[in-house]
Structure formats: structure tokens, C-alpha cells
Amino acid sequence: MSASCISEPISWLRLERFVLDGRDAAVAIHVASCAVCSACLAEIRSDVVALPPLVAPATPERKPWFNWRWVVPAMAAAAAAIVVLVIIGREPTRHEHVATIKGAGEVVVGVVRERAGTIRRDVTTFLPGDRWKVVITCAPGPSSLWVDVAVLDAAGIDYPLAPAQLSCGNEIVVPGAFEITGSAVNVVCARLDADGIPVREPPKPGDPGVACIMLSPERPAPP
Amino acid sequence: MEPARKADVAAQDPQGAYRSWGPALIRKADRILRSREDAVDVVHALFADLIPRWTTEMDLPYLYRAVTNRCLNVVRDRGNRARLLEREQSAAAPVGRVRLDDQIVGVGLIAALVDRLDDAHMEVLVGRFVDDFTQEELAEHLGLSRKTIGKRLDRIRDEVLKLRAEDAS
């Protein structure tokens, strides 16, 4: 196809709007005499897009504030949480998901949860089967950043993702995803380094170059 | 550009907006990423994020800009970049109605420039050479003066020249 429009090409946005409402007379006149823009319009009209269903984020159900059935499992989960906190030294605070890295500045670590097709960035609770991704946000620039993700729980430490080198930007996704099993609190930590692949030492929130987020189970495991 | 009547109705409700504008936005993302699968992911994730904070001001041009930003984030990720560059080889050649010094702006050039230019310049690059806006339309779309658009296009051309010089040496 020749890519030469007879004058100034009609932007794709105008063509899309013309397909939606057909009101822009200037578009109709132009495409009547311009084969290139006419072909673009035909491309839009003939395109078939399979839209995946858009599921609204789940709203929390109202539940009775107290249920004896959960007392024992809740205490078990609390004990596990205490163990995790003892292992990692202290409880992560709100700001422990931020690390300052030489060469990249302030880096914010976040998590994205996918549950039955619903993607949420604003939650830190999990159920078995949830899939998690780690995202980082830092000021765009020429430098890149190495990220190594560790997941800690009472049983130990796991590295579910390969170390990745990323360019800074808004909510850049660390390649790969992982699941969290069990009914104990988990801490997801990212060790960040602008100079190379970070050394795999057990991370602690507050360590230089480490940013962590605590993930809690939504309900304790059945007894 | 006149606002679309159908579009205004859809803006009241994110589900309706998704049904009405989703295909247009996916096509737009596809033109940047040259991958329909990634384009669908970008648009779906955008609407999923916007559902809780939807307002009637989120019209098609606003979402167009949001899709540009999200696609650029996808390209910034080096893992995605390699995959997209590979897929671009098998994708149908773009029409390229508006070219940057006779060059069609594809994933390769966007990926090369995204490390050199800030978001503001990248948005102008995509608007002019992928979305095919005129400079006047682009100024209106981005809420900038025509002069600013011109300056940013000059800077983009300078960076492309530097890239070519580096490639040649």
C-alpha cells in the first residue's frame, strides 16, 4: 500500500471517532478521495477485537466481627506472624516498601495480585491460588536496576523469580509471577542494586537496598 | 474535533466505556507494541485500575493518553522489549502515513528512544508518528502550544540523528 496521503492524514483517533458516530463530515470528505486514509478506515471497520470480560474489583463482604471457629487458627496465624517478625528482626513499617538506591534514587516496590482474572494493586492479603507480581517505580533515567525478589515466611526464604535488570519507570513489572501457599504471614522483599545482580543474602526490611511488603492470609487454614 | 455523542454516553459507566472504546484503544496499543496480545493486556489492566476511580471526565482522548503511557512502560521493560522486537518481525507492516525522516516509527525506534527521552517527548513521538496527529491536533490533545510541540519534535529528530550516527560508527 502506498503510504502517501493526499494531504494531511486523518489521525487514528479521528478515524475511530468517525466509526463511532459518523459525525465528522471532514473525515467523510477526505476518505472519499484519499485511498490511504480510506484503507485505514476500512482496517478499523473490519477489525475484530475479542474483549476479555472486565471484572470489577471485588468488594469486601460484611462478616460477623467474631467467630469462635477462627480462634484457634487465628492464634496459629498470629504465632506464625510473630515467628516471621522475629526472623526478620522487626515489623515492616509503611515506608519499608521504599529503598534509596545509588544511581537510581528512591525506588518504590509494590505488588499486584491476580485472583480469578481480577487484578488489584491495592491489596496485601492472599488466598491459595492468587498469583503475585512485583512492580517497581522509580524516576525514569538512563540507568537500569537489578531486582531480586525473596519471599520470607516462618519456614524460611524462597527466591521465586530470577534476578532481573529493569529500566526505571512507573510500575515496571519484574518478569514472572509466583503464588503464596500456607496460612502464615509472608514478607516479600526486593533487593535492589544499580551495579549488578544483588548478592542473595537473607533480606531484612530496612537493610540498605531492600524494600519489603508484608502479605497476610485472608483466613487461617482450617484446623 | 467534536466530541462523539456515543462516546459521551459511554463515559458515564466504565463497563460501557470499555465496550465502546476498548477496541479503539486496543488497536492504538497494537500500533505501538505491534502485539495484539500485549495490547489487550494493557487496555484491560487500564480499565481494571480505573473502575474504582472512574469519572465522567475520562473520555476517549484521555484514555488514549493513558494507553500511550502504559505502552511506553511496557517497552521500557527490557524483558518485554526483546519479546516485542521479536514479534514485530512477524507482524504486518504498519501503514506509516506519518514518518520520521522517512522512517516508520516502530517498536525498535521507540525502544531505542525511550531510554534517551523523557515521557513528555515520548508522548509527542507516539502522538505524531504512531497516532498520526497533526501538530495542531497534538497540541490540543496534550494541552500544549504548537511551539512546544515543534520544539519537542526537533529534539526527537536530534536524538534520532545521534542514534544513526552511533549505529554508523
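Begin by selecting helix α3 of chain A, residues 35-46: this helix has 12 residues and reaches 16 Å from its first C-alpha to its last, close to the 16 Å expected at 1.5 Å a residue. The expected span is 1.5 Å times one less than the number of residues. Helices (H or I, at least four residues) and strands (E, at least two) are DSSP runs, numbered from the N terminus.

The model is predicted: local features need pLDDT of at least 70, side-chain atom pairs count only at pLDDT 80 or more, and totals for chains, interfaces and linings use all residues. Residues are numbered from 1 along each chain as its sequence is written, chains are lettered from A and ligands numbered from 1 in the order in which they are written, and side-chain values use heavy atoms, with hydrogens and water left out.

Within α3(A), select Val36(A), Cys37(A), Cys40(A), Leu41(A) and Ile44(A), which are buried. Buried means under 20% relative accessible area, exposed over 50%, and partly exposed in between (1.4 Å probe, protein chains only). Viewed down the axis of α3(A), its buried residues fall within an arc of 140°, so they line one face of the helix; the arc is that of the directions from the helix axis to the C-beta atoms. An α-helix has 3.6 residues a turn, so residues three or four places apart point the same way.

On the other side of α3(A), Ala35(A), Arg45(A) and Ser46(A) are exposed. Now display α1 (12-21) and α2 (25-33) of chain A together with α2 (14-33) of chain B, against which the buried residues of α3(A) pack. Contact means heavy atoms within 4.5 Å.

**A residue in strand β10**

Next, select Asn186(A), found in strand β10 (residues 186-193) of chain A. Asn186(A) counts as buried because its relative accessibility is 3%. A polar atom of its side chain lies 2.9 Å from the backbone oxygen of Ala184(A). Leaving aside neighbours within four places in sequence, the residues in contact with Asn186(A) include Phe126(A), Ile180(A) and Met214(A).

**A residue in the following loop**

Move to Glu201(A), in the loop between β10 and β11 (210-217) of chain A. Is Glu201(A) buried or partly exposed? With a relative accessible area of 46%, Glu201(A) is partly exposed. Not counting residues up to four places away in sequence, Glu201(A) touches Tyr159(A) and Arg191(A). Finally, select Ala150(A): Glu201(A) and Ala150(A) are 51 residues apart in sequence and 9.6 Å apart in space, C-alpha to C-alpha.

Conventions
A polar contact is a pair of N or O atoms within 3.5 Å; within protein, one must be able to donate a hydrogen and the other to accept it, and residues adjacent in sequence count only if both atoms are side-chain atoms.
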